[in-house]
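I opened the model to look up a few side-chain features. My notes follow the structure.

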Amino acid sequence: MDIAEVAQRSGLAASTLRFYEEKELIASVGRNGLRRQFHPDVLERLGLIAIGRGAGFTLEEIGRMFAPDGGASIDRIMLSAKADELDTTIARLSAVRKALRHAAACPAPNHLECPSFRAILRKAMSHTEAGREGPS
């Protein structure tokens, strides 16, 4: 397949494919004139890259998921750690969503008069102060 077909079938720009090739995440198998040619298996590899990117892995981390022969060599410990990290992010974002929904529907004339909203503020401040590593 030439680069235009890979771009069309993967939904990625040709420049992204060239960038991934530069980073050695994918490899062309040759050229037809000026156009790079790819083995059809590149689409599966691009799928793995998309999953990795969606999960928040860096391109370097994704690169380590491929064996020298081109197959997958996925570190299960790294996957588990990323899943734990995502669980933490989901919990934090769920709390933020809950606070936003409360603030949007709060019947108090002023948010600062609402005990629930003030509790949200206290909780947010305790997380901010807990995250500090010393005076700025």
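**Ground rules.** The model is predicted: I take local features at pLDDT of at least 70 and side-chain atom pairs at pLDDT 80 or more, while totals for chains, interfaces and linings use all residues. Residues are numbered from 1 along each chain as its sequence is written, and side-chain values use heavy atoms, without hydrogens and water.

**Helix α2.** I took helices as DSSP runs of H or I, at least four residues, and strands as E runs of at least two, numbered from the N terminus. In α2 (residues 14–22), I found Leu17, Tyr20 and Glu21 buried. Buried means under 20% relative accessible area, exposed over 50%, partly exposed in between (1.4 Å probe, protein chains only). Seen down the axis, these buried residues fall within an arc of 100 degrees, so they line one face of α2. The arc uses directions from the helix axis to the C-beta atoms.

**Cysteines.** How many disulfides are there in the whole structure? My search finds zero. The cut-off is a pair of cysteine sulfur atoms within 2.5 Å. The sulfur of cysteine 106 is 3.4 Å from that of cysteine 114, its closest, so the two are too far apart for a bond. Cysteine 106 is buried at 13% relative accessibility; cysteine 114 is buried at 6%.

**Charges over rings.** I required NZ of Lys or CZ of Arg within 6 Å of the ring centre and within 35 degrees of the ring normal. Arginine 45 has its charged end over the ring of phenylalanine 66, 3.7 Å from the centre. Lysine 82 has its charged end over phenylalanine 57, 5.1 Å from the ring centre.
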